[in-house]
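Me: I have a structure open and I'd like to learn how to read it. Can you walk me through a few features?

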Amino acid sequence: MGDLMGEQPALGIVGAGAFGTALAALVGAAGHDVVLWSAAADVVDEINRERTSHARLPDVRLAERVRATVDPAELAARARFIVLAVSSTEARERARTLGQVVDGRHMLVHAIGALAGPDDARLSQVLDEETPARRIGALAGPALPADLAAGRFAAMVCASPFDEVTREARRLLNLPPTLRLYTSRDLPGVEMSATLSGAYSVAFGMADSLEMGPGPRAVLVTRVVAEAQRVVTAMGGESRTFTGLAGLGNLLVRTAPGTGDHAPGYQFGRALARGGASGERIPDSVRAVGAAVRLARRLHQRAPVLEAIARVIDGQARPSEAAAALSDTVALEE
Amino acid sequence: MSQSRPVAEAENRLVRFNSDRDAILSLVTRRVTDRYVIGAENSPDASLEYVLNDVAYAETQRHERASSASGKRQLSRWRDLAGRLGRLNEVEKRAELERLVEHYARDIVGNFNPRVYRFANDVLPPALSMLFTPVSSFRQGLAALDSMSRRIQVEGELEAVRTACDLGTLVVTPTHSSNMDSIVIGLALKLARLPPVTYGAGKNLFSNPLISYFMHNLGAYRVDRRLKFGLYKDVLKEYSTVLLEHGYHSLFFPGGTRCRSNVIERRLKLGLLGTGLAAFRNGVMAGAAHRRIYVVPTTINYRLVLEAETLVEDYLAETGKSRYIIEDDEFSRVGRIFEFVRKMLVHEGAVVIRFGRPIDPFGNAIDDAGESIDRYGRRIDPSSYLVAAGGQVDADEQREGVYTRRLGEELSAAFRRETVLMSTHLVARAVFDAVVDRTRVSDIYRLLRLPASAVVVDREDVCRRVDHLRQRVAAAPELGRVEDRASGMSAADLLDDALRALTTYHTYPVLETSGDRIKVGAMKLCYYYRNRTAHIGADEGAA
């Protein structure tokens, strides 16, 4: 690996999607160097030449301090703190490539709200398996790319068992008034909360499309919180983590009116309820439903809400039938 | 493989201890004192007055019940310290702290006489076997030792361990089931042509003058489990760290005390384990990153455990609380340690010590050249894990705590992988499962209350289950391995082998045969031996 040659290390970002680009724009504008590694040569070119990324995040202008590259070795040489912001389906492959260029000095943090195939692993486990890095964490919370790019207030939590990882995350990413960064040691809790909040956003998409109304919607919120806390705890996390930024925070922002394209799980749920989601691209949050159901079963946790969403996605039940079945279950317990 | 420090030289490391002793003591004293002084400067909650008061309070409590004259003298000394504390200035407090640290460090180190060491290293094992066996002469003692050595089978990654011991310092970390473990591991190291190790033995073992004499001179240091305050623990940890930095191979039982349930240990004590990482970090900070520390996961596998009865009683009473009703004691509780060797002599394949492949203090595997590697076999520089965000190597207690937890997880996985399952474990598991399936009772406290007629199972069924269990273990190396001897037998022979052992070894038969039926004679012991396979999940297909 090349070395940093005495310069202040840059923030590394893997993936020039909407979130990665928005984070790069924000950190670059705050005066930190950023290295953005993307496999898409045209996107890299556009960022380096035009300082824009029209296809991923229109209306954003990236500071000169942001440099994009197609070379992972450059990323590893210039950055010690690296944020992985790609979809869950490409995470393992990216991590494997990263594993060839990083070493024990690097700190790796992912911002992926889903589990990775084929065995529904938490992304921190994937990073641990695929790279020699040990200081690993996760970033999650209600920070939409559009908000970050527009400088609107947003907050996230960075979780890692290593205090130095969360300290470094705060040094680089706590950028008020736009982004406020909170810290936690509950890595499994934050990862599971982020995954589950994506999964449940599908249920709220369906519920709103069926026009269930505020009463049933409120009941659904409470059932979701109780169920998610059971699953989070069974996975080794703390139950209260779900009621923080990574869980409830994520869920509320992704199910709020007007979140548009940045809440793909919610949109998918709406389309499902209208009977028209089959041809759409499967977002991470929908994949999270299947993974969460498998996990809950493996851990012997009752998860009627997740099971109901999964049945609708698999075409085994209509949304209205799933909602009715769920209401019956709800009546049994509090 | 480095030629600079061959095994023969490594074997002699303990001999040089006497010349290192003063340097080790003064380093331990200086480091611990400095750390407390800096801590006090940085936080009012860690003021020296609090630290000294904590020690004085704990020691006063401990000596309050003392009846001996020396105990009473100690009590008045500690009371005196507590009384003076408020009047001491910072310089005096520091001096008092230093005196205490040195006092505990000296208590831990004890005395070491290299001449006695040489004598002890050659003569102690036969002497011990004389102590433990009803033999009448030294010659017979030697013969007993020879037979005992043949009963101890050493296997595993011996070449890798020898390489690691040439290249660095070993931390041998065995599972812990019996009071005999430290003696057995000592013999095993000798049989494997590995160097002797130093280890912390409970201070109670030093109360017998003869054993104490030899313990000291085998390189054992004293751990006083009654001293539970932070200062003592820190002195102990620093002493272990400094020993490792000086290249003294060490032994810790990461399970802490003997495992009561016989389940392969999962919750490991990380305090002393972390001293391997601290020693490596100190080396890196002193510019000696090449001074490697290697942790050697080791399993001690007894076909029969001498203290099984008392251990499982302890376990059931502790976890069952009111649900465990202690019956009239049908077992003799008289200490029968002396029977250990004699019993070992009549039971073939008595104990297997298996040394696993060494790992680094971060839990990484090592290659044949002793270098740390990741899961893909890529070499890693272990010192890179100590580099802070600013680029410099530093000591970060929180970071090292997380690494050590990870090391503990790797160790407990290695314990399962390296466990050698013997006929007694396999048969006890098969019988236990058959009883559970037959009675539909799986709770141990209810099983213990079942009538004798309910705990009878078919021999054929047990054989079938044993075969199935052996196949499952063979297909999943992470679950352990079946002892060579046991895997070469038919299920029927293996069952007979286990029955022979389980009917004669304990004061009461664990299992008994009656025609083609097997009756559980002592459910708690059946449960104890079965527990060695508790990490292997229920098998739906076996019933």
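Predicted model: local features only at pLDDT ≥ 70, side-chain atom pairs only at ≥ 80, totals over all residues.

Me: What does the radius of gyration say about chain A?

Reply: Compare it with what a globule of that length would give. For 334 residues, a compact globule would come out near 20 Å, and chain A has 20 Å, so the two agree. Buried residues account for 58% of the 334 in chain A. And if you take the contacts in chain A with a separation of 6 or more, 72% of them join residues 24 or more positions apart.

Me: Is H12(A) largely enclosed or largely open?

Reply: Count its buried residues, meaning those with 20 or more other C-beta atoms within 10 Å of their own. Eleven of the 15 residues of H12(A) qualify, so the helix is largely enclosed by the rest of the structure. Among them are Asp284(A), Arg287(A), Val293(A) and Leu295(A). The cover over those buried residues includes helices H4, H8, H9, H11 and H13 of chain A. Just past the helix, His300(A) takes a positive phi of about 55°.

Me: Now the sheet. In what order do the strands of the open sheet in chain B run?

Reply: Strands of a sheet pair through backbone hydrogen bonds, either parallel or antiparallel. Here the three strands have the order S11-S14-S13 in chain B, with antiparallel pairing. S11 (456-458) and S13 (511-514) are the edge strands, each pairing on one side only. From one strand to the next, the twist averages 30°. For a close look, take S13(B) and S14(B) (residues 517-520), which pair over four bridges; Ser514(B) has Arg517(B) in S14(B) as its bridge partner.

Me: Last one: how many residues does each chain bring to the contact?

Reply: Chain B puts in 16 residues and chain A 13. Then sort a side by class: the chain B side touching chain A has eight nonpolar, two polar and six charged residues.

Conventions:
Residues numbered from 1 in each chain as written. Chains lettered and ligands numbered in written order. Rg over C-alpha atoms; globule rule 2.2 N^0.38 Å. Buried ≥ 20, exposed ≤ 12 C-beta atoms within 10 Å, placed from the backbone. Contact = placed C-beta atoms within 7 Å. Pairing = 2+ DSSP bridges. Helix = DSSP H or I, 4+ residues; strand = E, 2+ residues; numbered from the N terminus. Axes fitted to C-alpha atoms, helices over the stretch in contact; angles between N-to-C directions. Nonpolar A, V, L, I, M, F, W, Y, C, P; charged D, E, K, R; others polar.
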